[in-house]
Amino acid sequence: MTNAKHQRPAAISFTDAAKAHIQDMFKNAPEGTIAIKLGLKNAGCAGMSYVMNFTNSVEPLDEVVPCGEVNIVIEAKSLLFLLGTRMDYQIDKLRSGFVFENPNQTDACGCGESVKLIPAASDDAPQQSTSSV
């Protein structure tokens, strides 16, 4: 029997467009910023909204995910809702912004400002859904 250590995949993944935009954002970060924090807040008619902020600290239970040369810190309380998410950055004629393809999303409000999420389950993953921020 081997003693190989199982390495789990990153909590979220990033498209090249998302990585490039995050790198650009970080160039304008306030002094002392060490990462970009990603989390969720209660908001909107569907229940939750994605939140991103610059941060100068990492809490002990936060998840740190490399995104090119920048680290993304996922708040511990949001981690189970974000597992398996793919983060993209899209530009079209009327808007630009991050788009989250989250397998834990079960619904979204009509205006696109909030989503309904369930915690990730190891046995059965919900259908893939996409939301913008």
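A contact here means heavy atoms within 4.5 Å. Of the contacts in the protein chain with a separation of 6 or more, 56% are accounted for by residues 24 or more positions apart. The model is predicted, so local features need pLDDT of at least 70 and side-chain atom pairs count only at pLDDT 80 or more, while totals for chains, interfaces and linings use all residues. Residues are numbered from 1 along each chain as its sequence is written, and side-chain values use heavy atoms, with hydrogens and water left out.

Along the sequence their pattern is β-α-β-β-β-β-α-β-β-β-β-β. The protein chain has 133 residues, of which 38% count as buried. Buried stands for under 20% relative accessible area, exposed for over 50%, and partly exposed for values in between (1.4 Å probe, protein chains only). The accessible surface of the protein chain comes to about 8,400 Å², and 51% of that belongs to carbon and sulfur atoms. Accessible areas come from the Shrake-Rupley method with a 1.4 Å probe, and for residues only the protein chains shown count as cover.

Next come the charged pairs. The structure holds three salt bridges, each defined as a side-chain nitrogen of Lys or Arg within 4 Å of a carboxyl oxygen of Asp or Glu. One of them joins the side chains of Asp-24 and Lys-27 at 3.4 Å, N to O. Because Asp-24 and Lys-27 are three residues apart in helix H1 (residues 16-27), about one helical turn separates them. Asp-24 is partly exposed at 39% relative accessible area, and Lys-27 is exposed at 66%.

Another salt bridge is formed by Lys-37 and Asp-62, with their closest N and O atoms 3.2 Å apart. This pair links distant parts of the chain, 25 residues apart: Lys-37 is in strand E2 (residues 35-43), and Asp-62 is in the loop between strand E3 (47-55) and strand E4 (63-67). Lys-37 is buried, at 16%, and Asp-62 is buried, at 13%.

In the salt bridge of Arg-86 and Glu-101, the N to O distance is 2.8 Å. Arg-86 belongs to strand E6 (residues 85-91) and Glu-101 to strand E7, so the pair ties together parts 15 residues apart in sequence. Arg-86 is partly exposed at 34% relative accessibility, whereas Glu-101 is buried at 16%.

Strand E7 (residues 96-102) also contains Asn-102, a buried residue with a relative accessible area of 0%. A polar atom of the Asn-102 side chain lies 3.0 Å from the backbone oxygen of Phe-81. The side chain of Asn-102 also makes a polar contact with that of Thr-85, at 3.3 Å. A polar contact is a pair of N or O atoms within 3.5 Å; within protein, one must be able to donate a hydrogen and the other to accept it, and residues adjacent in sequence count only if both atoms are side-chain atoms.

Finally, the whole structure has two aromatic pairs. Tyr-50 and Phe-100 are stacked, at 4.0 Å centre to centre and 10 degrees between the planes. They link distant parts of the chain, with Tyr-50 in strand E3 and Phe-100 in strand E7, 50 residues apart. Tyr-50 is buried at 7% and Phe-100 at 1%. Tyr-89 and Phe-98 form an edge-to-face pair, at 5.2 Å and 70 degrees. Both Tyr-89 and Phe-98 are buried. Rings of Phe, Tyr and Trp (its six-membered ring) pair if their centres lie within 6.5 Å, and planes under 30 degrees apart count as stacked, over 60 as edge-to-face and the rest as tilted.

Note on methods:
Helices (H or I, at least four residues) and strands (E, at least two) are DSSP runs, numbered from the N terminus.
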